[in-house]
Amino acid sequence: MYRYVTLWLPLLVIAAATPLQSAERPNILLIVSDDQGYNDLGILGNGILTPALDRLAREGTRLTNFYVAWPACTPSRASLLTGRYPQRNGVYDMIRNEAPDYGHRYTNEEYAVSFERVGGMDEREVLIPAVLKSASYKSGIFGKWDLGTLKRYLPTSRGFDEFYGFTNTGIDYYTHERYGVASMVRNLSPTTADKGTYCTYLFQREALRFIDEHATADPFFLYVPFNAPHNSSALEPEIRSSVQAPEKYKKMYPPVDPETRVTPKYRYGAPATVATPEARRRDYRAAVTCMDNAIGKMLDALQHKGVLDNTIVIFFSDNGGSGGADNSPLRGHKGQTWEGGIRVPCLVRWPAGGVKAGEVNDAFLSSLELLPSLAAATGAQLPEGVVIDGFDWWPTLRGEAASPREEMFWKRRDLIAARVGNWKWVKMGNSGGLFDLAVDPGEINDLSQSHPQVLAMLKQRYANWVSEMESAEPRGPFRDY
């Protein structure tokens with residue numbers, strides 16, 4: 001499955017020699033939510049309010065077997081932007097500090113020399129916006145970056161033309177601080193200009209401005225990685241134990257009583273006042289609905305500009321849901337290699353590109369497919385000599401061919417998984433097993449004893465993948481070289 005993209009270059013050179021007219025090249029709107037559950041789409045009937053996402057599902061294709069490359073934030077985002085496994089691009093764990101988990105509030109000086117501040121994606125990695133520059137695309141990102149905070153790691157140093165958002169794993173939705181440290185950045189400069197405004201509104205504002213400026217002037221790549229519905233990264237237990245959401249969206253759901261409870265056990269400072277599970281569920285849903293409203297405004301803006309049907313709109317979650325999320329019928333959640341940690345909701349709309357409306361596509365696909373697929377759609381040249389782990393998915397989304405993806409592998413420290421065809425092997429600490437996802441997506445029936453040869457095959461394929469990753473050209477920040 002691993003291919004050097006230089007094999008594709010002759011065709012791409014021809015494409016570059018006869019560029020598409022600007023009006024024919026699709027715009028791209030990539031929307032990524034944070035910790036959203038597999039079942040958390042209104043169209044699936046679980047009671048969550050997502051009219052804009054439901055619209056995308058009705059007007060586009062919903063993917064049911066779509067995976068991300070890691071069960072939590074940072075490595076998942078690195079892979080979707082590079083088309084490369086985390087173990088290949090070097091970001092195979094979180095770029096974050098652990099001390100706040102124990103109640104520690106950093107000073108600015110202390111934070112400045114911490115790993116969360118100085119770590120970042122290897123500068124040799126080539127990201128989607130840099131690839132699209134070869135096809136004259138303008139690129140903007142508004143939201144969560146999470147791939148380094150130093151200037152050399154920021155989006156405008158990695159191919160994006162504009163950036164407004166936060167650079168680390170999570171923030172307070174209103175103060176925009178991460179455990180007391182201001183975290184908003186515009187391009188290369190820190191800013192507190194919008195402190196106090198709910199951040200989903202800010203990312204909506206910037207995205208709409210970008211659409212207004214570029215929709216009829218340049219082909220564009222707009223990346224909107226919301227932090228909703230991720231829990232707040234505040235130190236106060238009552239805030240941190242839930243998702244912050246505006247009151248108007250909370251009121252769209254049934255009232256909760258009580259809102260809080262006192263727990264004798266908390267990661268620090270126990271006893272502590274925390275949100276009740278019911279309040280957390282309500283707050284989570286309210287944050288998703290607020291985000292959905294922002295997505296609806298983006299779709300309306302593209303429609304008003306007359307470019308919606310030739311805009312590739314892609315939506316998915318960065319990893320499985322947690323907290324108030326609903327991952328049913330999948331097992332597990334964020335941080336785990338059960339299906340609930342790595343299989344996520346995904347919607348794709350592009351009528352001009354032949355993506356069918358109202359379709360449900362069960363093909364085995366992943367976020368690794370984004371970079372090669374967007375390059376194929378735009379005529380952009382893929383980076384020379386770089387191993388890409390993804391495939392062009394458009395023939396599969398058009399119903400013209402089966403998915404070229406036959407296998408995928410995951411490793412989060414000692415938590416691992418391998419999927420080959422419909423078979424999946426999971427090792428989750430002291431639990432795990434062999435499962436046939438075609439009939440058991442909930443990973444209930446362990447078939448290790450009845451299918452030992454299949455289990456041996458998956459373990460061997462996983463071992464081959466590990467060897468492939470270890471022999472790849474090393475990348476920082478985690479590899480030793």
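Modeller: Here come some labels from this structure, each held up against its definition.

Modeller: Two ground rules to start with. This is a predicted model, where local features need pLDDT of at least 70, side-chain atom pairs count only at pLDDT 80 or more, and totals for chains, interfaces and linings use all residues. Residues are numbered from 1 along each chain as its sequence is written, and side-chain values use heavy atoms, with hydrogens and water left out.

Colleague: Fine. Why is D122 called buried?

Modeller: Buried means under 20% relative accessible area, exposed means over 50%, and partly exposed is in between, with a 1.4 Å probe and protein chains only. D122 has 9%, so it counts as buried. D122 sits in the loop between α6 (115-118) and α7 (128-132); helices here are DSSP runs of H or I with at least four residues, strands are runs of E with at least two, and both are numbered from the N terminus.

Colleague: What does D122 touch?

Modeller: Contact means heavy atoms within 4.5 Å. Leaving out residues up to four places away in sequence, D122 touches N89, R158, R475, G476 and Y481. With G476, a polar atom of the D122 side chain lies 2.9 Å from the backbone nitrogen.

Colleague: What makes D161 and K133 a salt bridge?

Modeller: The rule asks for a side-chain nitrogen of Lys or Arg within 4 Å of a carboxyl oxygen of Asp or Glu. The closest N and O atoms of D161 and K133 are 3.0 Å apart, so the pair qualifies. D161 is in the loop between β5 (138-144) and β6 (162-166), K133 in the loop between α7 and β5, 28 residues apart. D161 has 31% relative accessibility, so it is partly exposed, and K133, at 40%, is partly exposed too.

Colleague: How do you know that D283 and K250 form a salt bridge?

Modeller: Their closest N and O atoms are 3.9 Å apart, and the limit is 4 Å, so the pair is in. D283 lies in helix α11 (residues 277-304) and K250 in helix α10 (residues 247-250), so the bridge ties together parts 33 residues apart in sequence. Both D283 and K250 are buried.

Colleague: And E407 with R461: what does that salt bridge tie together?

Modeller: That one is 2.7 Å, N to O. E407 is in strand β19 (residues 407-412) and R461 in helix α15 (residues 452-471), so parts 54 residues apart in sequence are tied together. E407 is buried at 12%, while R461 is partly exposed at 30%. The structure holds 42 salt bridges.

Colleague: Why do β10 and β16 stand at the edges of the sheet?

Modeller: Two strands pair if DSSP finds at least two bridges between them. The open sheet has 10 strands in the order β10-β9-β6-β5-β11-β2-β14-β15-β3-β16, with mixed pairing. β10 (189-190) and β16 (359-361) each have a single partner strand, so one side of each is left without a neighbour in the sheet.

Colleague: How do you know that β2 and β14 pair?

Modeller: There are 7 bridges between β2 (residues 27-33) and β14 (residues 311-317), and at least two are needed, so they pair. The two strands run parallel, and L29 stands opposite V313 in β14.

Colleague: Last one: what is the phi of E443, and is that residue buried or exposed?

Modeller: E443 has a positive phi of about 50° although it is not a glycine. Its relative accessible area is 0%, so E443 is buried.

Technical notes
Polar contact = N/O pair within 3.5 Å; in protein donor to acceptor, adjacent residues only side chain to side chain.
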